[in-house]
Amino acid sequence: MKRLVFIAQGLCGGTDGDSGLRMAPKPFKDWAAEGTVVGIAPVQGRLPELLALGVDPDSIDIPEGPIMVAALGHDPPERSVHFCLTLGSVSESGVLEQPSDTSGADVAEALRFGETLSTKSLRVLQGRGRDHALVWLEGSVELGTTPWYKAVGRPYRPAMPEGDGEGALRRLIDDSVNLLAEQDFNKRRRDEGQSPLNVLWPWGQGFRPQTPHLALKRGRAVLILSGSLRMKGLAKLFGYSSLDEGFSKPLWPDYDSVPPLTGRYDDIVVLSDNFAVAREHGRIEDMERMLVEAFSQLLEPFTQRRPARVSLLATSAVGPGLALLWDSERPRSEAMPFDERALEDRRLGVRPAWELVKELVEA
């Protein structure tokens, strides 16, 4: 039996009370009426992406560095320390800033120079956009680093790493500032009034964790589809395959690549943050159109590959969400609607989303 789990982050709930479910088209509502509606708890925590793996987010703490290194497909030697490496900007007054424009050509040029800063013990790994990684062979985690999102707005020297081996990391930062500042693309950016791409900032250090190989443990080939680099890294750390091509677009993912993959995998789990992006920008109508597209291009065609199970999880970070469980072998018609009116029904139980996904991929 083929199984599809589609996790629509932010589709349900929200402080504005708007939902992309109320205006769903009739074909979607007809399909939803054949499934079972379940309440799911708010999705929160530092690594909410773990729910797509059916893993309790409170059961493990993984630093950002090892997640990024795994996302980029690298497997460094044991005892190496993994970092996130963010490409940012330092103003003329020495303050860290978010770059004003990050066109692909300028970012690629900055990383081309940045990779020359690699040494025998420090290796710069190219990633995507401004998100990259650093591996410190035989390094130490007995030091403090400032996450990029906390460093922005602060003078860069006081925010630099402190602790065991701080000298090597501080040299990397200083060398990146000195090297990148005088490159032609940054001179052009300054002339055009844009902030330079002139610092590589390491943070989120940690060793690669010991995690269970879920594909072997559960005995099923699972593919994770998501535009999130963190999701891609977590999938690799837990032994799952992943694909992000076509799913990193801000609003309109590309489902064309999915049908050919269904023959190679037992289960497909889609983690979509497109609905959350639309909600953040108040584009509720776009949420409704994206739901129509997901149904017509992915959910509905998948139901034709019988026997099949298709589950749609409409999650929320601020309140309870809803899950729809559809099984071609167990069709049922329920009075409870698959929209936010169901959240007011006392019959609706609420479960952790990760626990529900775990059951769906293990059943």
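Q: Axes are lines fitted to C-alpha atoms, for helices over the stretch in contact, and angles run from 0 to 180 degrees between N-to-C directions. At roughly what angle do the axes of α2 and helix α8 (residues 229–237) cross?
A: This is a predicted model, in which local features need pLDDT of at least 70, side-chain atom pairs count only at pLDDT 80 or more, and totals for chains, interfaces and linings use all residues. Residues are numbered from 1 along each chain as its sequence is written, and side-chain values use heavy atoms, with hydrogens and water left out. Helices (H or I, at least four residues) and strands (E, at least two) are DSSP runs numbered from the N terminus. The axes of α2 and α8 come within 7 Å, and they cross at roughly 85°.

Q: How are α2 and α8 oriented to each other?
A: Angles under 35 degrees count as roughly parallel, over 145 as roughly antiparallel, 65 to 115 as roughly perpendicular and the rest as oblique. The crossing angle is roughly 85°. The two helices, α2 and α8, are therefore roughly perpendicular.

Q: How many nonpolar residues does the contact of α2 with α8 have?
A: Contact means heavy atoms within 4.5 Å; on the α2 side it involves Glu64, Pro66, Ile67, Met68, Ala70 and Ala71, and on the α8 side Leu229, Arg230, Lys232, Gly233, Leu234, Lys236 and Leu237. Ala, Val, Leu, Ile, Met, Phe, Trp, Tyr, Cys and Pro count as nonpolar, Asp, Glu, Lys and Arg as charged, and the others, Gly among them, as polar. Besides four charged residues and one polar residue, the number of nonpolar residues is eight.

Q: Which elements are included in the cover of the buried residues of α2?
A: Buried means under 20% relative accessible area, exposed over 50% and partly exposed in between (1.4 Å probe, protein chains only). Eight of the eight residues of α2 are buried, among them Glu64, Gly65 and Val69. The cover of these buried residues includes β3, β5 (122–128), β6, β9 (199–206) and α8.

Q: At about what angle do helix α3 (residues 104–114) and helix α6 (residues 184–191) pack?
A: The axes of α3 and α6 lie 10 Å apart. The two helices are therefore classed as oblique. Their packing angle is about 140°.

Q: How many charged residues take part in the contact of α3 with α6?
A: From α3 the contact draws on Asp106, Glu109, Ala110 and Phe113, and from α6 on Phe185, Arg188 and Arg189. By class, three residues are nonpolar and none is polar, while the number of charged residues is four.

Q: What is the relative accessible area of Phe185?
A: Phe185 belongs to helix α6. Leaving out residues up to four places away in sequence, Phe185 touches Asp106, Glu109, Ala110, Phe113, Leu180 and Leu197. The C-alpha atoms of Phe185 and Ala110, 75 residues apart along the chain, are separated by 8.3 Å. Phe185 is buried, with a relative accessible area of 7%.

Q: What is the separation of the C-alpha atoms of Gly13 and Ser316?
A: Gly13 sits in the loop between β1 (2–9) and α1 (26–32). Gly13 is buried, its relative accessible area being 10%. Although Gly13 and Ser316 are 303 residues apart along the chain, their C-alpha atoms are separated by 5.3 Å.

Q: What is the phi of Arg79, which is not a glycine?
A: Most residues other than glycine have a negative phi. Arg79 lies in the loop between α2 (64–71) and β3 (81–90) and is exposed, at a relative accessible area of 52%. Its phi is positive, at about 70°.

Q: What is the phi of Glu138?
A: Glu138 occupies the loop between β6 (131–136) and β7 (143–144). Glu138 is exposed, with a relative accessible area of 65%. Its phi is positive, near 55°.

Q: What is the radius of gyration of the chain?
A: The radius of gyration is taken over C-alpha atoms, and the globule rule is 2.2 Å times the number of residues to the power 0.38. A compact globule of 363 residues would therefore have a value near 21 Å, and the chain agrees with this at 22 Å.
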